[in-house]
Amino acid sequence: MTTARAVAFAAASALALIAGSSPIVADDSALWSALADGGKVVMMRHTQSEEATPEVSMHRSAEGDCSQEQNLSEDGRDQARALGARFEEHGVAVDTVLSSEFCRARQTAELAFGGYEAWTPLNLVESLPAGESEWLMEDVRERMGDFDGDGVLVLVSHRSNINTITFEQTEPGDMVITEPDEFGGFNVLGLIQRP
């Protein structure tokens, strides 16, 4: 981590501790307008999944076989489609969609946006190899801080990852809206709850 990134991360961490765990409250219309302006990053929690045991919810099939994993519920599938429709409704151009390799995240990305690229650093943090999770979380932070596209970057992940990176608590389908800053970090603009 560069010195500037370390300072920015430390400052963000301190602010998050001061703010506590309650989400930043912002007007949805202002956040959608900010997204339509482009240059933002959306950390989205996958939508509602089926009930599953902890073993199943933590399991990721190496072959990508969703019959061996926790999947989206029918409500979750509807929520994902509704999220994609909201992006279109608000005129938000999506540059890139990156998703956790877990089926429930990939299903959310596919149903909401029609396509995605699977990216290991977005996998459920508790499932990442011991000793590598912090480095992989830093990869995500850097990707967010370095984004400079005309549209938005969407990252579909999991509650614990989003909390670790943005210090925001999310429900299924919630989106944390961030904006890269001039130091290679990012600022949290607010939370848009699922439809």
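A nonpolar core is a set of buried Ala, Val, Leu, Ile, Met, Phe, Trp, Tyr and Cys residues joined through side-chain atoms within 4.5 Å. This model is predicted. Its largest nonpolar core has 19 residues. Those with the most contacts inside this core are M43, L122, V140, M144, L155 and I165. Two or more residues come from each of β1, α6, β4, α7 and β6. Helix α6 gives the most, with four residues.

Start with I165. Leaving aside residues up to four places away in sequence, I165 touches M43, M137, V140, R141, M144 and F186. A second, separate core holds 17 residues, including L83, V92, V156 and I192.

Now turn to the helix that carries I165. Helix α7 spans residues 159-166, and its buried residues are S160, N161, I162, I165 and T166. What lies over them? The cover of these buried residues includes β1 (40-45), α6 (133-146), β4 (152-157), β5 (175-180) and β6 (186-192). Just past the end of α7, F167 takes a positive phi of about 65°.

Last, look at a loop. G115 sits between α5 (103-113) and β3 (117-118). Beyond residues up to four places away in sequence, G115 touches V97, A109 and E110. L98 is 17 residues from G115 along the chain, and their C-alpha atoms are separated by 9.0 Å.

Definitions and conventions. Residues numbered from 1 in each chain as written. Predicted model: local features only at pLDDT ≥ 70, side-chain atom pairs only at ≥ 80, totals over all residues. Heavy atoms only, no water. Buried < 20%, exposed > 50% of the residue type's maximum accessible area, 1.4 Å probe, protein only. Contact = heavy atoms within 4.5 Å.
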